Amino acid sequence: MPTPSRYWREIPQRYRFEAGKCRSCGYVCFPPRLVCPRCGAREFEDIRLAEAGSLVSFTVIRVAPHAFVDQSPYAVGIADLDDGTRLTAQIVDCDFEDLKVGLRVKLEFRKIYEEGETGVIYYGYKFVPE
Amino acid sequence: MRDVAVIGVGMTKWGELWEKSLRTNFVETALLAIEDAGVDRIDSMIVGCMSSGIFTGQEHLASLLADYLGKTPVPAARVESACASGGLALRQGFIEVASGMSDIVLVGGIEKMTDVNGHEATFALGTAADQEYEGYHGLTFPALYAMMAVAHMHQHGTTREQLAMVAVKNHANGSKNPLAQYPFKISVDDVLCSVLVADPLRILDCSPITDGAAAVILCPADMARSMKKPAVRIIGTGQATDTIALSSRKDLTWMESTHVAAGKALEMAGLAVKDIDLFEVHDCFTIAEIMITEALGIAGKGRGGRAVEEGLTAVDGKFPVNPSGGLKAKGHPVGATGVAQAVEVVKQLRGEAADRQVKNARRGLTQNMGGTGGSSVIHIFEAD
Ligand SMILES: [Zn+2]
């Protein structure tokens, strides 16, 4: 489980979908990296990810980790965004029966979970069918 | 490099071993391996363990285990590569003997997983995935493999029944292994009616939570011959990495790290996959075995489901896969699995596998994998 400091570091990605685009080959790294995995270059520009895409796979989790037990069962998926980036997130506001490869989804800012009644609330992105 | 042989193996019954501590379980198997090898000393030991810190609150394992084995002050090291920790320990032991640094090396694997509750075990195993971009969103290991299964079914037409057939085959094999955690047979219907974990994977598609240990003794092949022990040589080793996050892969249905590691090991051995008589592979989930058979070249790309359905990977098939019962029936104490695969192959090549013996087995291959394939370690063994 993230500590507040570890969580804070990820906020540009989780709150604003910030990614790094390689200035040399154009590869988009999400999360951002210091070294391009495709060409090895080290200079990036900050960009915002596309906010919609389509599912390449999905599942419905029935046995959840502790922090997610209250949400179980819940759907998760990997989507190809319209800019070619691949992303993993929960899929919400959907009927499980409607899930299929190729389903169009958009990214929305949502609560991920909270650490007990007085704990930190963690936010981030989730997929919602378009 | 010197030729390296395995001259001793040790393994005890796996399962929920509440009565045994981590250190006791390890020492038992290490003593069996030392006795089997008939050696009066060890020069060094390597221990594979994924997460004793979370499972039992105990780090600094290498020294602890050397102490309880009564072998201080021998050098000892612990290596970690998630569920491939045992395979990596074997590779480090191989390198140590091959290089001439040490003569007699004990390689052990250990994991004690049932002292924590299910949520804590799920969390500990989840640390082998990308914690900040997979675990954060509530992903579990079964969920990641379930997404590989969905993609495989979508791209290659693999069926739900074919997934089940992997578990049925491995339980049939495991029913002949007295050390297995679940040595009983199951049917396709049993799998299809078992509890859903992450659609489409059900509980009988998943390897269990297990306590267990395994150990082998390595030495130079020349020394093994002079000792007149039934020795098995390690003739190939290969290791490769891939992205930890599943979403960073181009193809969710392909195990590149296994493919690359196997290529290196086969090249070192001067062999092709058709020259191998049996395989012990990392079937942590049924879909994993299907994808591994493709990555190894046993089945064509996308044809792993058909391979199991057609009996290609049965004990009496062309490519026997997991005669021990695999992780599925034998159990999966994560850090011990890679070493136990070596124990099974050595027993098979010595002709000591009793009812599950693969006929005329001269060469065997082990494939041990971490996470969703972020690491893979392959070894090839040959009867000397
Ligand atoms: Zn680049």
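Figure 1. Ser57(A) is buried, with a relative accessible area of 0%. This is a predicted model, as are all the views that follow. Ser57(A) sits in strand 4 of chain A, which covers residues 52-61. Its side chain reaches across to chain B, where the backbone oxygen of Met147(B) lies at 2.6 Å. Leaving aside residues up to four places away in sequence, Ser57(A) touches partners in both chains. In chain A these are Gly77(A) and Ile78(A). In chain B they are Met147(B), Val150(B), Ala151(B) and Leu252(B).

**Figure 2. The interface between chain A and chain B.** How many residues does each chain bring to the contact? Chain B gives 29 residues and chain A gives 40 residues. The size of an interface is often given as the accessible area lost when the parts come together. Here the area buried between the two chains is about 2800 Å². Carbon and sulfur atoms give 59% of that area. Three residues of chain B stand out: Tyr133(B), Tyr136(B) and His137(B). Together they supply 29% of the area that chain B buries against chain A, more than any other three residues.

**Figure 3. The zinc site of chain A.** Four cysteines hold the zinc ion through their SG atoms: Cys22(A), Cys25(A), Cys36(A) and Cys39(A). These donors lie 2.3 to 2.4 Å from the ion. The angles among the 4 donor atoms are 100 to 112°, and the site is tetrahedral. Along the chain, the donors follow the spacing C-x2-C-x10-C-x2-C. Cys22(A) and Cys36(A) link distant parts of the chain, 14 residues apart. Cys22(A) belongs to strand 1 of chain A, residues 18-22. Cys36(A) lies in the loop between strand 2 (28-29) and strand 3 (44-48) of chain A. Are these two cysteines buried or exposed? Cys22(A) has 3% relative accessibility and counts as buried. Cys36(A) is also at 3%, so it is buried as well, the cut-off being under 20%.

**Figure 4. A three-stranded sheet in chain A.** Strands of a sheet pair through backbone hydrogen bonds, either parallel or antiparallel. This sheet is open, has 3 strands in the order 2-1-3, and pairs antiparallel. Strand 2 and strand 3 of chain A are the edge strands, each pairing on one side only. Between strand 1 and strand 3 of chain A there are 5 bridges, and the two run antiparallel.

**Figure 5. Chain A as a whole.** Chain A holds 2 helices and 8 strands. Read from the N terminus, its elements run α-α-β-β-β-β-β-β-β-β. Its C-alpha atoms fill a box of roughly 45 × 35 × 20 Å along the principal axes. The chain has 130 residues, and 43% of them are buried. Among its contacts with a separation of 6 or more, 47% are between residues 24 or more positions apart.

**Figure 6. The neighbours of strand 11 of chain B.** Strand 8 of chain B, residues 232-241, pairs with strand 11 in the antiparallel sense over 9 bridges. In this pairing, Arg233(B) stands opposite Glu382(B). Strand 10 of chain B, residues 363-370, also runs antiparallel to strand 11, joined by 8 bridges. There Gly370(B) stands opposite Ser375(B). Strands 10 and 11 of chain B form a hairpin with 4 residues between them. In the turn, Gly371(B) has a positive phi of about 60°.

**Figure 7. A buried glycine in chain B.** Gly8(B) is found in strand 1 of chain B, residues 4-11. It is buried, with a relative accessible area of 0%. Gly8(B) and Ile34(B) are 26 residues apart in sequence, yet their C-alpha atoms are 6.4 Å apart in space. Not counting residues up to four places away, Gly8(B) touches several residues, among them Ala33(B), Asp36(B), Ala215(B) and Arg350(B).

Note on methods
Residues are numbered from 1 along each chain as its sequence is written. Chains are lettered from A and ligands numbered from 1 in the order in which they are written. This is a predicted model: local features need pLDDT of at least 70, side-chain atom pairs count only at pLDDT 80 or more; totals for chains, interfaces and linings use all residues. Side-chain values use heavy atoms; hydrogens and water are left out. Buried means under 20% relative accessible area, exposed over 50%, partly exposed in between (1.4 Å probe, protein chains only). A polar contact is a pair of N or O atoms within 3.5 Å; within protein, one must be able to donate a hydrogen and the other to accept it, and residues adjacent in sequence count only if both atoms are side-chain atoms. Contact means heavy atoms within 4.5 Å. Two strands pair if DSSP finds at least two bridges between them. Donors are N, O and S atoms within 2.8 Å of the metal (3.2 Å for Na, K and Ca); water is not among the atoms, so sites may look incomplete. Four donors count as tetrahedral if all angles lie between 85 and 135 degrees; four count as square planar and six as octahedral if opposite donors are over 155 degrees apart and all others between 65 and 115; anything else is irregular. Buried area is the accessible area (1.4 Å probe) that two parts lose on being put together, summed over both.
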